[in-house]
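I opened this notebook to record what I looked up about aromatic rings and their surroundings. The entries follow in the order of the searches.

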Amino acid sequence: MELDKKDKTSTPHLFYNQPKVVSLGDFAETDDERAVLSHWIHNMEAADTCYQEVAKGLVPEELFESLKKSNISTREHRGQQVLFPELFRVPFPPPADPSFTFIDLFAGIGGFRIAMQECGGKCVFSSEWDKAAQKTYFDNYGEVPFGDITRDWVKGLIPKQFDVLCAGFPCQPFSRAGVSARVANNQSHGFADKTQGTLFFDIMEIIRARRPLIVFLENVRNLVSHDKGKTFSIIKESIESEGYSFNYSIIDSSPLVPQKRVRCYMVCIRDGGKFKFPSIKGPPLPLSSILEDQPDESFTISDNLWAGHKRRTARNLERGAGFTAFTADASKPANTLVARYYKDGKECLIPQEGENPRMLTPRECARLQGFPETFVMRGSKSDLYRQMGNSVAVPVIRSIGKEIKEQILVGGGGNEIRNRSERAV
Ligand SMILES: C[S@@+](CC[C@H](N)C(=O)[O-])C[C@H]1O[C@@H](n2cnc3c(N)ncnc32)[C@H](O)[C@@H]1O
(Lines give C-alpha, C1' and ligand atoms only; values in the text may rest on other atoms or scores of the structure.)
Protein backbone atom coordinates (compact mmCIF):
# COMPACT_ATOMS: atom_id res chain seq x y z
CA MET A 1 0.00 0.00 0.00
CA GLU A 2 1.59 3.29 -1.07
CA LEU A 3 -0.88 5.63 0.54
CA ASP A 4 0.27 7.65 3.54
CA LYS A 5 -1.34 6.59 6.75
CA LYS A 6 -2.83 9.78 8.12
CA ASP A 7 -5.03 10.27 11.10
CA LYS A 8 -8.48 10.04 9.59
CA THR A 9 -10.30 9.43 12.81
CA SER A 10 -11.85 12.85 13.24
CA THR A 11 -14.67 14.07 11.03
CA PRO A 12 -13.63 17.39 9.49
CA HIS A 13 -17.20 18.70 9.20
CA LEU A 14 -20.59 18.32 10.72
CA PHE A 15 -21.78 15.63 8.37
CA TYR A 16 -24.00 13.90 10.88
CA ASN A 17 -25.73 16.93 12.33
CA GLN A 18 -26.54 18.98 9.30
CA PRO A 19 -26.70 18.46 5.58
CA LYS A 20 -23.28 19.88 4.76
CA VAL A 21 -21.88 19.12 1.36
CA VAL A 22 -19.18 16.43 1.52
CA SER A 23 -16.53 16.64 -1.19
CA LEU A 24 -13.63 14.53 -2.35
CA GLY A 25 -11.21 17.22 -1.19
CA ASP A 26 -12.36 16.81 2.44
CA PHE A 27 -10.63 13.44 2.63
CA ALA A 28 -8.36 13.00 -0.35
CA GLU A 29 -5.26 15.14 -0.68
CA THR A 30 -3.14 13.34 -3.23
CA ASP A 31 -4.08 12.27 -6.75
CA ASP A 32 -3.89 8.60 -5.69
CA GLU A 33 -6.30 9.28 -2.85
CA ARG A 34 -8.72 11.14 -5.08
CA ALA A 35 -8.57 8.31 -7.61
CA VAL A 36 -9.20 5.61 -4.98
CA LEU A 37 -12.07 7.44 -3.35
CA SER A 38 -13.85 8.35 -6.58
CA HIS A 39 -13.42 4.79 -7.92
CA TRP A 40 -14.77 3.32 -4.69
CA ILE A 41 -17.80 5.57 -4.62
CA HIS A 42 -18.68 4.74 -8.22
CA ASN A 43 -18.19 1.02 -7.71
CA MET A 44 -19.63 0.26 -4.30
CA GLU A 45 -21.88 -2.46 -5.64
CA ALA A 46 -19.00 -4.43 -7.21
CA ALA A 47 -17.84 -6.99 -4.70
CA ASP A 48 -14.50 -7.78 -6.23
CA THR A 49 -12.72 -4.42 -6.21
CA CYS A 50 -9.89 -3.45 -3.88
CA TYR A 51 -11.00 0.18 -3.72
CA GLN A 52 -12.97 -0.25 -0.53
CA GLU A 53 -9.99 -1.59 1.36
CA VAL A 54 -7.89 1.44 0.44
CA ALA A 55 -10.72 3.96 0.81
CA LYS A 56 -11.28 2.73 4.35
CA GLY A 57 -8.07 4.42 5.41
CA LEU A 58 -9.21 7.74 3.99
CA VAL A 59 -12.58 8.56 5.52
CA PRO A 60 -13.53 8.48 9.21
CA GLU A 61 -14.88 5.10 10.25
CA GLU A 62 -18.38 6.31 11.01
CA LEU A 63 -18.76 8.03 7.67
CA PHE A 64 -17.22 5.07 5.88
CA GLU A 65 -19.78 2.69 7.37
CA SER A 66 -22.60 5.08 6.64
CA LEU A 67 -21.52 5.47 3.02
CA LYS A 68 -21.27 1.71 2.64
CA LYS A 69 -24.73 1.24 4.02
CA SER A 70 -26.37 3.92 1.90
CA ASN A 71 -24.54 2.79 -1.24
CA ILE A 72 -24.62 6.23 -2.81
CA SER A 73 -23.49 5.02 -6.21
CA THR A 74 -26.81 3.30 -6.83
CA ARG A 75 -29.52 4.95 -8.85
CA GLU A 76 -31.78 5.76 -5.90
CA HIS A 77 -29.09 7.86 -4.30
CA ARG A 78 -27.94 9.78 -7.32
CA GLY A 79 -30.34 12.60 -6.57
CA GLN A 80 -28.71 13.24 -3.21
CA GLN A 81 -26.50 16.20 -3.81
CA VAL A 82 -24.99 16.34 -0.35
CA LEU A 83 -22.55 13.48 -0.64
CA PHE A 84 -19.80 14.02 -3.20
CA PRO A 85 -22.02 15.96 -5.66
CA GLU A 86 -19.06 16.61 -7.97
CA LEU A 87 -18.94 12.88 -8.70
CA PHE A 88 -22.54 12.72 -9.82
CA ARG A 89 -23.42 16.14 -11.23
CA VAL A 90 -21.56 15.51 -14.46
CA PRO A 91 -22.75 15.30 -18.06
CA PHE A 92 -21.74 11.65 -18.49
CA PRO A 93 -22.38 9.65 -15.29
CA PRO A 94 -22.19 5.83 -15.35
CA PRO A 95 -25.31 4.18 -16.81
CA ALA A 96 -27.88 3.22 -14.21
CA ASP A 97 -28.42 -0.36 -15.46
CA PRO A 98 -25.20 -1.45 -17.12
CA SER A 99 -25.14 -4.58 -19.25
CA PHE A 100 -21.36 -5.04 -19.19
CA THR A 101 -18.24 -3.62 -17.56
CA PHE A 102 -15.04 -2.23 -19.04
CA ILE A 103 -11.79 -0.57 -18.05
CA ASP A 104 -10.40 2.56 -19.72
CA LEU A 105 -6.60 2.46 -20.09
CA PHE A 106 -4.61 5.42 -21.51
CA ALA A 107 -7.96 7.06 -20.99
CA GLY A 108 -7.12 10.58 -22.21
CA ILE A 109 -10.41 12.45 -22.02
CA GLY A 110 -12.50 9.31 -22.22
CA GLY A 111 -13.29 8.91 -25.92
CA PHE A 112 -13.69 5.16 -25.27
CA ARG A 113 -15.61 5.79 -22.07
CA ILE A 114 -18.26 8.04 -23.53
CA ALA A 115 -18.89 5.61 -26.41
CA MET A 116 -18.87 2.41 -24.33
CA GLN A 117 -21.16 3.99 -21.71
CA GLU A 118 -23.59 4.81 -24.53
CA CYS A 119 -23.50 1.13 -25.45
CA GLY A 120 -24.59 0.28 -21.89
CA GLY A 121 -21.17 -0.36 -20.37
CA LYS A 122 -20.01 0.66 -16.94
CA CYS A 123 -16.41 1.77 -16.48
CA VAL A 124 -14.89 0.12 -13.39
CA PHE A 125 -11.32 1.45 -13.67
CA SER A 126 -9.57 4.26 -15.50
CA SER A 127 -5.94 5.31 -15.82
CA GLU A 128 -4.42 8.43 -17.36
CA TRP A 129 -1.33 10.22 -16.13
CA ASP A 130 -1.64 13.63 -17.79
CA LYS A 131 -2.93 16.06 -15.15
CA ALA A 132 -4.84 18.29 -17.56
CA ALA A 133 -6.54 15.30 -19.22
CA GLN A 134 -7.40 13.95 -15.74
CA LYS A 135 -9.20 17.23 -14.99
CA THR A 136 -11.24 17.09 -18.20
CA TYR A 137 -12.03 13.44 -17.41
CA PHE A 138 -13.20 14.34 -13.90
CA ASP A 139 -15.36 17.23 -15.14
CA ASN A 140 -17.19 14.90 -17.49
CA TYR A 141 -17.40 11.52 -15.74
CA GLY A 142 -16.92 12.43 -12.07
CA GLU A 143 -14.00 10.05 -11.64
CA VAL A 144 -10.31 10.76 -11.12
CA PRO A 145 -8.31 8.34 -13.27
CA PHE A 146 -5.38 6.56 -11.63
CA GLY A 147 -1.97 7.75 -12.91
CA ASP A 148 0.96 5.82 -14.37
CA ILE A 149 -0.29 2.39 -15.43
CA THR A 150 3.23 0.94 -15.31
CA ARG A 151 3.13 1.20 -11.47
CA ASP A 152 2.41 -2.15 -9.85
CA TRP A 153 0.22 -0.47 -7.23
CA VAL A 154 -2.02 0.96 -9.97
CA LYS A 155 -2.21 -2.34 -11.87
CA GLY A 156 -3.01 -4.13 -8.61
CA LEU A 157 -6.15 -2.03 -8.15
CA ILE A 158 -7.72 -3.13 -11.43
CA PRO A 159 -10.82 -5.20 -10.55
CA LYS A 160 -10.37 -8.95 -10.80
CA GLN A 161 -13.25 -9.27 -13.23
CA PHE A 162 -14.55 -7.07 -16.00
CA ASP A 163 -15.72 -7.70 -19.56
CA VAL A 164 -13.83 -5.39 -21.90
CA LEU A 165 -10.33 -3.92 -21.69
CA CYS A 166 -10.27 -0.70 -23.77
CA ALA A 167 -7.00 0.98 -24.67
CA GLY A 168 -5.91 3.50 -27.28
CA PHE A 169 -2.26 3.14 -26.27
CA PRO A 170 0.21 5.92 -27.18
CA CYS A 171 0.79 5.91 -30.91
CA GLN A 172 3.76 8.28 -31.34
CA PRO A 173 6.40 5.48 -31.29
CA PHE A 174 4.56 3.86 -34.26
CA SER A 175 3.05 6.77 -36.21
CA ARG A 176 4.79 7.96 -39.37
CA ALA A 177 5.40 11.46 -37.98
CA GLY A 178 6.55 10.05 -34.62
CA VAL A 179 8.96 7.61 -36.25
CA SER A 180 10.48 10.33 -38.53
CA ALA A 181 10.95 12.69 -35.57
CA ARG A 182 12.60 9.96 -33.52
CA VAL A 183 14.89 8.92 -36.39
CA ALA A 184 15.86 12.59 -37.00
CA ASN A 185 16.76 12.93 -33.30
CA ASN A 186 18.67 9.66 -33.23
CA GLN A 187 16.09 8.12 -30.89
CA SER A 188 14.61 4.65 -30.88
CA HIS A 189 11.06 4.09 -32.11
CA GLY A 190 8.46 1.32 -31.86
CA PHE A 191 8.95 -1.16 -29.00
CA ALA A 192 12.54 0.07 -28.62
CA ASP A 193 11.26 3.45 -27.37
CA LYS A 194 11.73 2.81 -23.66
CA THR A 195 9.23 5.43 -22.45
CA GLN A 196 6.20 4.87 -24.68
CA GLY A 197 6.96 1.91 -26.92
CA THR A 198 6.77 -0.71 -24.20
CA LEU A 199 3.31 0.24 -22.91
CA PHE A 200 1.75 -2.50 -25.01
CA PHE A 201 3.54 -4.99 -22.76
CA ASP A 202 1.88 -3.42 -19.72
CA ILE A 203 -1.44 -4.11 -21.44
CA MET A 204 -0.32 -7.73 -21.96
CA GLU A 205 0.54 -8.02 -18.27
CA ILE A 206 -3.00 -6.89 -17.39
CA ILE A 207 -4.52 -9.31 -19.91
CA ARG A 208 -2.55 -12.20 -18.39
CA ALA A 209 -3.48 -11.25 -14.84
CA ARG A 210 -7.19 -10.47 -15.38
CA ARG A 211 -8.16 -12.34 -18.55
CA PRO A 212 -11.03 -10.08 -19.65
CA LEU A 213 -13.50 -11.47 -22.15
CA ILE A 214 -12.63 -8.87 -24.78
CA VAL A 215 -9.64 -6.66 -25.56
CA PHE A 216 -10.50 -3.58 -27.65
CA LEU A 217 -7.49 -1.60 -28.89
CA GLU A 218 -6.99 1.42 -31.14
CA ASN A 219 -3.86 2.80 -32.73
CA VAL A 220 -2.51 4.50 -35.85
CA ARG A 221 -2.79 2.80 -39.22
CA ASN A 222 1.01 2.73 -39.44
CA LEU A 223 1.07 0.20 -36.57
CA VAL A 224 0.35 -2.49 -39.17
CA SER A 225 3.35 -1.68 -41.36
CA HIS A 226 5.79 -0.37 -38.73
CA ASP A 227 9.18 -2.13 -38.84
CA LYS A 228 8.11 -4.10 -41.93
CA GLY A 229 5.13 -5.59 -40.13
CA LYS A 230 7.21 -7.03 -37.27
CA THR A 231 5.64 -4.78 -34.62
CA PHE A 232 2.12 -5.82 -35.60
CA SER A 233 3.10 -9.52 -35.70
CA ILE A 234 4.45 -9.25 -32.16
CA ILE A 235 1.20 -7.64 -30.99
CA LYS A 236 -0.94 -10.26 -32.73
CA GLU A 237 1.16 -13.21 -31.54
CA SER A 238 1.35 -11.91 -27.96
CA ILE A 239 -2.43 -11.68 -27.80
CA GLU A 240 -3.01 -15.02 -29.55
CA SER A 241 -0.55 -16.77 -27.27
CA GLU A 242 -2.91 -15.94 -24.37
CA GLY A 243 -5.73 -17.80 -26.13
CA TYR A 244 -7.44 -14.76 -27.67
CA SER A 245 -8.53 -14.41 -31.28
CA PHE A 246 -7.14 -11.34 -33.03
CA ASN A 247 -9.47 -9.41 -35.36
CA TYR A 248 -8.56 -6.04 -36.78
CA SER A 249 -9.84 -3.50 -39.25
CA ILE A 250 -8.51 -0.26 -40.73
CA ILE A 251 -11.34 2.26 -40.60
CA ASP A 252 -11.61 5.85 -41.82
CA SER A 253 -13.89 7.93 -39.63
CA SER A 254 -14.94 10.46 -42.30
CA PRO A 255 -18.43 8.95 -42.97
CA LEU A 256 -19.21 9.53 -39.26
CA VAL A 257 -17.31 12.73 -38.44
CA PRO A 258 -15.97 15.37 -40.88
CA GLN A 259 -12.36 14.26 -40.37
CA LYS A 260 -10.08 11.89 -42.26
CA ARG A 261 -8.84 9.71 -39.45
CA VAL A 262 -7.71 6.30 -40.56
CA ARG A 263 -7.01 4.07 -37.59
CA CYS A 264 -6.35 0.44 -36.77
CA TYR A 265 -8.99 -1.08 -34.46
CA MET A 266 -8.41 -4.45 -32.83
CA VAL A 267 -11.02 -6.64 -31.13
CA CYS A 268 -9.64 -9.75 -29.47
CA ILE A 269 -11.88 -12.41 -27.91
CA ARG A 270 -10.87 -14.77 -25.14
CA ASP A 271 -11.09 -18.45 -26.05
CA GLY A 272 -11.26 -17.53 -29.74
CA GLY A 273 -14.13 -16.29 -31.83
CA LYS A 274 -14.56 -14.16 -34.90
CA PHE A 275 -15.63 -10.57 -34.78
CA LYS A 276 -17.31 -8.81 -37.69
CA PHE A 277 -16.46 -5.12 -37.74
CA PRO A 278 -19.29 -2.75 -38.63
CA SER A 279 -19.24 -1.45 -42.16
CA ILE A 280 -18.50 2.26 -41.83
CA LYS A 281 -19.06 3.51 -45.32
CA GLY A 282 -20.74 6.48 -46.94
CA PRO A 283 -19.89 9.88 -48.32
CA PRO A 284 -17.30 11.77 -46.30
CA LEU A 285 -18.82 14.55 -44.20
CA PRO A 286 -17.89 18.17 -44.92
CA LEU A 287 -15.84 20.22 -42.47
CA SER A 288 -18.34 23.07 -42.98
CA SER A 289 -20.92 21.07 -40.97
CA ILE A 290 -19.08 21.65 -37.67
CA LEU A 291 -17.73 25.20 -38.08
CA GLU A 292 -18.80 27.88 -35.62
CA ASP A 293 -20.60 30.91 -37.02
CA GLN A 294 -18.65 33.56 -35.20
CA PRO A 295 -15.41 32.25 -33.76
CA ASP A 296 -13.42 34.63 -31.63
CA GLU A 297 -10.87 36.87 -33.38
CA SER A 298 -8.10 35.26 -31.30
CA PHE A 299 -8.25 32.15 -33.54
CA THR A 300 -7.05 34.12 -36.59
CA ILE A 301 -3.35 33.39 -37.03
CA SER A 302 -0.80 36.20 -37.00
CA ASP A 303 0.87 37.68 -40.10
CA ASN A 304 4.16 36.17 -38.94
CA LEU A 305 2.81 32.68 -38.51
CA TRP A 306 0.94 32.77 -41.82
CA ALA A 307 4.04 34.05 -43.67
CA GLY A 308 6.09 31.26 -42.06
CA HIS A 309 3.55 28.62 -43.14
CA LYS A 310 3.59 29.90 -46.72
CA ARG A 311 7.40 29.98 -46.81
CA ARG A 312 7.76 26.43 -45.50
CA THR A 313 5.01 25.16 -47.78
CA ALA A 314 6.71 26.67 -50.87
CA ARG A 315 10.07 25.19 -49.80
CA ASN A 316 8.57 21.75 -49.14
CA LEU A 317 6.71 21.75 -52.44
CA GLU A 318 9.98 22.56 -54.25
CA ARG A 319 11.75 19.68 -52.50
CA GLY A 320 8.75 17.43 -52.91
CA ALA A 321 8.90 16.60 -49.19
CA GLY A 322 7.44 17.46 -45.84
CA PHE A 323 4.15 18.74 -44.61
CA THR A 324 2.42 21.54 -46.48
CA ALA A 325 0.04 24.04 -44.91
CA PHE A 326 -2.83 24.95 -47.21
CA THR A 327 -6.11 26.34 -46.08
CA ALA A 328 -8.79 23.68 -45.74
CA ASP A 329 -11.53 22.97 -48.27
CA ALA A 330 -14.62 23.12 -46.05
CA SER A 331 -16.64 21.01 -48.47
CA LYS A 332 -14.38 18.04 -47.60
CA PRO A 333 -13.46 16.39 -44.30
CA ALA A 334 -10.61 17.95 -42.30
CA ASN A 335 -7.15 16.43 -42.20
CA THR A 336 -6.38 14.19 -39.24
CA LEU A 337 -6.41 16.17 -36.02
CA VAL A 338 -3.08 15.66 -34.22
CA ALA A 339 -1.81 16.39 -30.71
CA ARG A 340 0.60 19.06 -31.98
CA TYR A 341 -2.18 21.09 -33.68
CA TYR A 342 -2.01 23.73 -30.91
CA LYS A 343 1.51 24.69 -31.97
CA ASP A 344 0.65 26.38 -35.28
CA GLY A 345 -2.57 24.85 -36.63
CA LYS A 346 -0.98 23.86 -39.91
CA GLU A 347 -3.02 20.66 -40.29
CA CYS A 348 -6.28 22.58 -40.62
CA LEU A 349 -6.53 26.31 -41.30
CA ILE A 350 -9.91 27.80 -42.11
CA PRO A 351 -9.85 30.39 -44.89
CA GLN A 352 -11.41 33.76 -44.06
CA GLU A 353 -12.47 36.47 -46.48
CA GLY A 354 -9.94 39.35 -46.49
CA GLU A 355 -8.10 38.01 -43.43
CA ASN A 356 -5.43 35.53 -42.49
CA PRO A 357 -6.87 32.03 -41.99
CA ARG A 358 -7.91 30.91 -38.52
CA MET A 359 -7.36 27.85 -36.42
CA LEU A 360 -10.21 25.57 -35.43
CA THR A 361 -11.62 26.34 -31.99
CA PRO A 362 -11.32 23.62 -29.31
CA ARG A 363 -15.09 23.07 -29.58
CA GLU A 364 -14.79 22.53 -33.33
CA CYS A 365 -12.02 20.00 -32.62
CA ALA A 366 -14.36 18.23 -30.17
CA ARG A 367 -16.99 18.07 -32.92
CA LEU A 368 -14.43 16.65 -35.34
CA GLN A 369 -13.95 13.79 -32.87
CA GLY A 370 -17.70 13.37 -32.38
CA PHE A 371 -17.93 14.58 -28.76
CA PRO A 372 -21.40 15.81 -27.73
CA GLU A 373 -21.94 19.56 -27.26
CA THR A 374 -22.40 18.98 -23.53
CA PHE A 375 -18.81 17.77 -23.19
CA VAL A 376 -17.14 20.06 -20.65
CA MET A 377 -13.90 21.71 -21.83
CA ARG A 378 -12.42 23.95 -19.16
CA GLY A 379 -8.67 23.62 -19.65
CA SER A 380 -6.25 25.94 -21.42
CA LYS A 381 -6.55 26.14 -25.20
CA SER A 382 -3.27 24.28 -25.77
CA ASP A 383 -4.26 21.46 -23.37
CA LEU A 384 -7.67 21.10 -25.01
CA TYR A 385 -6.19 20.96 -28.52
CA ARG A 386 -3.71 18.29 -27.36
CA GLN A 387 -6.43 16.27 -25.65
CA MET A 388 -8.69 16.37 -28.71
CA GLY A 389 -5.81 15.49 -31.07
CA ASN A 390 -4.98 12.46 -28.91
CA SER A 391 -8.56 11.26 -28.63
CA VAL A 392 -10.42 8.64 -30.59
CA ALA A 393 -13.29 9.43 -32.96
CA VAL A 394 -16.15 8.66 -30.56
CA PRO A 395 -18.77 7.51 -33.16
CA VAL A 396 -16.36 4.90 -34.56
CA ILE A 397 -15.80 3.45 -31.09
CA ARG A 398 -19.56 3.54 -30.51
CA SER A 399 -20.25 1.59 -33.74
CA ILE A 400 -17.65 -1.05 -32.87
CA GLY A 401 -18.85 -1.09 -29.24
CA LYS A 402 -22.41 -1.81 -30.36
CA GLU A 403 -21.19 -4.78 -32.40
CA ILE A 404 -19.11 -6.03 -29.48
CA LYS A 405 -22.19 -5.91 -27.31
CA GLU A 406 -24.45 -7.58 -29.85
CA GLN A 407 -22.09 -10.19 -31.27
CA ILE A 408 -20.25 -11.17 -28.10
CA LEU A 409 -21.72 -9.84 -24.89
CA VAL A 410 -25.47 -10.25 -25.19
CA GLY A 411 -26.56 -11.42 -28.61
CA GLY A 412 -26.40 -14.39 -30.99
CA GLY A 413 -23.57 -16.86 -30.53
CA GLY A 414 -22.20 -14.46 -27.95
CA ASN A 415 -24.18 -16.07 -25.18
CA GLU A 416 -22.12 -19.19 -25.49
CA ILE A 417 -18.92 -17.26 -24.97
CA ARG A 418 -20.64 -15.24 -22.29
CA ASN A 419 -21.57 -18.36 -20.33
CA ARG A 420 -17.96 -19.43 -20.29
CA SER A 421 -16.91 -16.07 -18.98
CA GLU A 422 -16.47 -15.19 -15.34
CA ARG A 423 -18.47 -11.99 -15.53
CA ALA A 424 -18.02 -8.93 -13.44
CA VAL A 425 -21.51 -7.50 -12.97
C1 LIG B 1 -3.39 8.20 -27.69
S2 LIG B 1 -3.84 8.87 -26.16
C3 LIG B 1 -5.34 8.04 -25.84
C4 LIG B 1 -6.50 8.97 -25.76
C5 LIG B 1 -7.83 8.33 -25.42
N6 LIG B 1 -8.10 7.13 -26.16
C7 LIG B 1 -8.98 9.33 -25.62
O8 LIG B 1 -9.96 8.97 -26.24
O9 LIG B 1 -8.88 10.46 -25.18
C10 LIG B 1 -2.72 8.05 -25.07
C11 LIG B 1 -2.84 8.55 -23.63
O12 LIG B 1 -2.04 7.72 -22.80
C13 LIG B 1 -1.54 8.52 -21.73
N14 LIG B 1 -0.39 7.82 -21.15
C15 LIG B 1 0.83 7.63 -21.70
N16 LIG B 1 1.60 6.91 -20.89
C17 LIG B 1 0.85 6.61 -19.80
C18 LIG B 1 1.11 5.88 -18.60
N19 LIG B 1 2.29 5.29 -18.36
N20 LIG B 1 0.11 5.76 -17.69
C21 LIG B 1 -1.10 6.35 -17.90
N22 LIG B 1 -1.39 7.06 -19.02
C23 LIG B 1 -0.43 7.19 -19.95
C24 LIG B 1 -1.21 9.84 -22.42
O25 LIG B 1 -1.13 10.91 -21.49
C26 LIG B 1 -2.35 9.98 -23.41
O27 LIG B 1 -3.40 10.75 -22.91
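I first note the cut-offs for accessibility: buried means under 20% relative accessible area, exposed means over 50%, and partly exposed covers the range in between. The model I am reading is predicted.

I then located the two partners: Y51 belongs to helix α2 (residues 51–55), while F146 sits in the loop between α6 (131–141) and α7 (152–156). They are 95 residues apart, and the pair thus links distant parts of the chain. I looked up accessibility next: Y51 has a relative accessible area of 0% and is therefore buried, and F146, also at 0%, counts as buried.

Entry on a second pair. I found the ring centres of F232 and Y248 4.8 Å apart with their planes at 75 degrees, so this pair is edge-to-face. It connects helix α10 (residues 230–240), which holds F232, with strand β5 (residues 244–252), which holds Y248, across 16 residues.

Entry on clusters and charges. I recorded one aromatic cluster formed by F92, Y137, Y141, F371 and F375. I also checked for charges over rings: R34 lies over the face of F138, at 5.5 Å from the ring centre, and K381 lies over the face of F299, at 4.4 Å from the ring centre.

Methods
Residues are numbered from 1 along each chain as its sequence is written. This is a predicted model: local features need pLDDT of at least 70, side-chain atom pairs count only at pLDDT 80 or more; totals for chains, interfaces and linings use all residues. Side-chain values use heavy atoms; hydrogens and water are left out. Helices (H or I, at least four residues) and strands (E, at least two) are DSSP runs, numbered from the N terminus. Buried means under 20% relative accessible area, exposed over 50%, partly exposed in between (1.4 Å probe, protein chains only). Rings of Phe, Tyr and Trp (its six-membered ring) pair if their centres lie within 6.5 Å; planes under 30 degrees apart count as stacked, over 60 as edge-to-face and the rest as tilted. A charge sits over a ring if NZ of Lys or CZ of Arg is within 6 Å of the ring centre and within 35 degrees of the ring normal.
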